[in-house]
Amino acid sequence: MPEWLQEGADAAGASVEGSAAGVVEQARFFVAGVADGLDVRLLELADRQFADTVELASGARTGEPVPVDGRVRGFVEAAGPVLIDAIRELENVKNAACAAQAKAEVLFEVIERTRQVQAGVGASALGRGTVLAVAFARRESQWMASRHMASAARIVREMPRTLEACSNGILSERRAAIIVSGTDYLTREQRGDVDQAIAGDPDTLEVLGDKELDAAVKQMAYAFDREAFTKRLRKAESERHVNLKPVADGMAELKALLPLKHGVAVLKTLTAVAESARNAGDKRTKGQLMADVLTHRLCRHLPCDGEAQAGPADQRDPAGQAAAVANSDCLTAGSADIHLDLIMTDRALFDGAADPAVLTGYSPIPGPAGRELVLNSAGQAQVWLRRLYTHPEANALMSMDSRSRLFPDTMKRFLFDQDQICANPWCGAPIRDYDHIKSFTAGGPTAVSNGQGLCQGCNLAKEAPGWESVAAAGPDGRPITLVRTPTGHSYSSTRPVLPGRTRPRGSPRRTPPGLTDPQAEGPRPG
């Protein structure tokens, strides 16, 4: 048994599970005590008194005392220090829990690999599914769980002072990861020296901010191995890339990882063009202009049609370029011929209904915004319309079947629209593989009802022994997928809600005279 686990077991005199349960119970007891110490009625009184005090203070002279109810004054004076102490103590509890969680993750990985060896798994596949099981337990994506587990392994196995600081509540999981990241390229011995120097002084460690901590670690790492530090910088430059992350309200965050000098040059150019346009009377904000200019230049390429060629002086001076294009349409982000799946009801598209639409892989958007996205593209971008059909009660896309082992392209597109992102809970990664819920070799059909879209990592993980997926129906009739892990835990995954009105189950259907009931003949358009 590892030394750190033996010490923990001896100190607690109980199992790991019992120790974890005890920590959770103590935390709950502490939080309950803090909550009970706050008189709810007195808190409401303080809220009202605060509002009255603000109103009185608005007409009082600076420094003039404002009358406050005596009970509220006593409550404020007594509760403030107690609450700050409670917040600090709860933060310490969180940090200590993260340290215990790191130990549990490292031990689970060892145990799971041992179980797979006993089950006859080959060396190349050992550990498959381990990160996904931890991701489910942490309620996060497999990518995030892999980062946490890598950091946990380094801390538990090689950085005892950092682990101790976390266990004592001084160091958070995020700040511990800063130390791990800064020492990635060092040898184990060198990493131990940094660990001792940085985390071995708790008083200094506690007052360091994140940037100060990062700088201190990197300075020590550079002193240990300058050549490796330089190679790391060159490696980082080779990993430059661009990615797109969907965010709320139908927007997306375009992120470019660039060498510092290039990033500064790009920002300087965008800023100069935006400020020039603002000075010329453009009413858009600086941020809006920078975003539109970036979009236009990436989609249309420079120089634009009808725009004067920039000479050598203009190319050296972003401000000169900005002046040259200040009055051109180079400041406008035009439409592009790209493929987006926009799911909306026929009522919203043709009849002006306010049913919400879904931009597949991104986020729901209002029906009018979806309609505008289609109609405003006329003459600028091509638009294709496909009809999909949803179940009249569950609002799920209807099924289609195939006799082949692999999903055909049309069915893949259907599954993509149905799941939109990786179907595993908490993942959120883009769909890369189309998978049988019940495996084909076990008799699962190649059908939409037995299909799901997964990211590549989740699809590979479920191939490890002990994993099982089952298609089922949720309480509201919508299809769900139950995922069972080798440890016997089960997690359910529901599909995104699609646009359209849902008829209450059991409610009567009314068909206008002279018309055929579409639900009696088949699915209705969604």
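Guide: What follows starts with the salt bridges and then turns to a surface patch, a sheet and the whole chain.

This is a predicted model, in which local features need pLDDT of at least 70 and side-chain atom pairs count only at pLDDT 80 or more, while totals for chains, interfaces and linings use all residues. Residues are numbered from 1 along each chain as its sequence is written, and side-chain values use heavy atoms, with hydrogens and water left out.

The structure holds 21 salt bridges. The term stands for a side-chain nitrogen of Lys or Arg within 4 Å of a carboxyl oxygen of Asp or Glu.

Take helix H4 (residues 70-118), where both Glu 109 and Arg 113 lie. Helices (H or I, at least four residues) and strands (E, at least two) are DSSP runs, numbered from the N terminus. Glu 109 forms a salt bridge with Arg 113, and their closest N and O atoms are 3.8 Å apart. The two residues are four residues apart, about one turn of the helix. Glu 109 has a relative accessible area of 24% and is partly exposed. Arg 113 is also partly exposed, at 34%. Here buried means under 20% relative accessible area, exposed means over 50%, and partly exposed is in between (1.4 Å probe, protein chains only).

Helix H4 also holds Glu 112 and Arg 115, three residues apart, with about one helical turn between them. Glu 112 and Arg 115 form a salt bridge, with 2.6 Å between the closest N and O atoms. Glu 112 is buried, with a relative accessible area of 5%.

Another salt bridge joins the side chains of Lys 235 and Glu 239, at 2.4 Å from N to O. Glu 239 is partly exposed, with a relative accessible area of 40%. There is also a network: salt bridges that share partners join Glu 105, Arg 138, Glu 140 and Glu 173.

Now the nonpolar surface. Val 242, Leu 244, Leu 254 and Leu 298 make a nonpolar surface patch of about 390 Å². Patches are made of residues with over 30% relative accessible area and no salt bridge; like charges are joined within 9 Å, and nonpolar side chains (Val, Leu, Ile, Met, Phe, Trp, Tyr) within 5 Å. Val 242 sits in strand E1 (residues 241-246). Val 242 is exposed, with a relative accessible area of 56%.

Next, a sheet. Three strands form an open sheet in the order E11-E12-E13, with antiparallel pairing. Two strands pair if DSSP finds at least two bridges between them. The edge strands are E11 (468-473) and E13 (490-494), each pairing on one side only. Neighbouring strands of this sheet are turned by 25° against each other on average, direction ignored. E11 and strand E12 (residues 479-484) run antiparallel and are joined by six bridges. Ala 473 stands opposite Pro 479 in E12.

Last, the whole chain. The protein chain has 21 helices and 14 strands. Of its 526 residues, 33% count as buried. The protein chain exposes about 32,000 Å², and carbon and sulfur atoms supply 55% of that area. Accessible areas come from the Shrake-Rupley method with a 1.4 Å probe; for residues, only the protein chains shown count as cover.

Conventions
Axes fitted to C-alpha atoms, helices over the stretch in contact; angles between N-to-C directions.
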